[in-house]
Amino acid sequence: MRFITFVKQNSDQQDPKLKSFANYVAKSKKFSLSSDPRLLALQLYDKLNAEQTAGFQLFMILYWQSELKNLLSKDLKDNQTEFLNAINLIIYFQQNGIPDL
C-alpha cells in the first residue's frame, strides 16, 4: 500500500498533527505517489507548517509500524535508525534548505 493511500484511509484522526497532515494530503492536487520519506521530504519541506510536518512524521511511523504491505525500501523497513534518519530529513531541509549536489 502506498503512503498516500494509508494516510487517506486513516485520515479520521483526533491528534491535531495527524489531522492537519491528513487535511493537507486531501487538499493537495499533486501529492507524490512515492512512499519513500526521503523523496517526500524533498517535495514537502517548503510546503508544510510545523504541525503538518509533525503529522507527516507521525503518519510515517504508523505506516512503518502497522502497514504490513508498506512500500518502504528494505533498508528502511529493516533498520530503525535509517528509518528515523529518513523521516527527520524534512526537518533538516526546513532548517537548512537542500544542499547543493
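Asn-79 caps the N-terminal end of helix H6, with a side-chain oxygen 3.0 Å from the backbone nitrogen of Thr-81. That is a polar contact: a pair of N or O atoms within 3.5 Å; within protein, one must be able to donate a hydrogen and the other to accept it, and residues adjacent in sequence count only if both atoms are side-chain atoms. Helices are DSSP runs (H or I, at least four residues), numbered from the N terminus.

This is a predicted model: local features need pLDDT of at least 70, side-chain atom pairs count only at pLDDT 80 or more, and totals for chains, interfaces and linings use all residues. Residues are numbered from 1 along each chain as its sequence is written, and side-chain values use heavy atoms, leaving out hydrogens and water.

**Helix H6**

H6 has 17 residues. From first C-alpha to last, H6 reaches 24 Å, close to the 24 Å expected at 1.5 Å a residue. The expected span is 1.5 Å times one less than the number of residues. H6 bends by about 35 degrees at Asn-88. This bend is the angle between axes fitted to the seven residues ending there and the seven starting there. Just after H6, Gly-97 takes a positive phi of about 80 degrees.

The buried residues of H6 are Phe-83, Ala-86, Ile-87, Ile-90 and Phe-93. Buried means under 20% relative accessible area, exposed over 50%, and partly exposed in between (1.4 Å probe, protein chains only). Their cover includes H3, H4 and H5.

**Helix H4**

H4 spans residues 50–66. At its start, a side-chain oxygen of Asn-49 reaches to within 3.1 Å of the backbone nitrogen of Glu-51. Buried residues of H4 include Gln-52, Thr-53, Phe-56 and Trp-64. Among the elements that cover the buried residues of H4 are H1 (3–9), H2 (16–27) and H6 (80–96).

Which residues does Thr-53 contact, leaving aside its neighbours within four places in sequence? They are Leu-48, Ile-90, Ile-91 and Gln-94. Contact means heavy atoms within 4.5 Å. Gln-94 lies in H6. Gln-94 also touches Tyr-45 and Leu-48. Gln-94 and Tyr-45 are 49 residues apart in sequence, yet 5.4 Å apart in space, C-alpha to C-alpha. The side chain of Gln-94 reaches the backbone oxygen of Tyr-45 at 3.2 Å.

| Residue | Relative accessibility | Class |
|---|---|---|
| Thr-53 | 1% | buried |
| Phe-93 | 7% | buried |
| Gln-94 | 31% | partly exposed |
| Tyr-92 | 40% | partly exposed |

**Rings and core**

The structure holds 12 aromatic pairs. Tyr-92 and Phe-93 have ring centres 6.0 Å apart and planes at 70 degrees, so the pair is edge-to-face. Rings of Phe, Tyr and Trp (its six-membered ring) pair if their centres lie within 6.5 Å; planes under 30 degrees apart count as stacked, over 60 as edge-to-face and the rest as tilted. One aromatic cluster includes Phe-3, Phe-21, Phe-31, Phe-56 and Tyr-63.

The largest nonpolar core has 26 residues. Such a core is a set of buried Ala, Val, Leu, Ile, Met, Phe, Trp, Tyr and Cys residues joined through side-chain atoms within 4.5 Å. Those touching the most other members include Phe-3, Leu-44 and Met-60. H1, H2, H3, H4 and H6 each supply at least two residues of this core. Beyond its neighbours within four places in sequence, Leu-44 is in contact with Phe-21, Tyr-24, Phe-31, Phe-56 and Ile-90.
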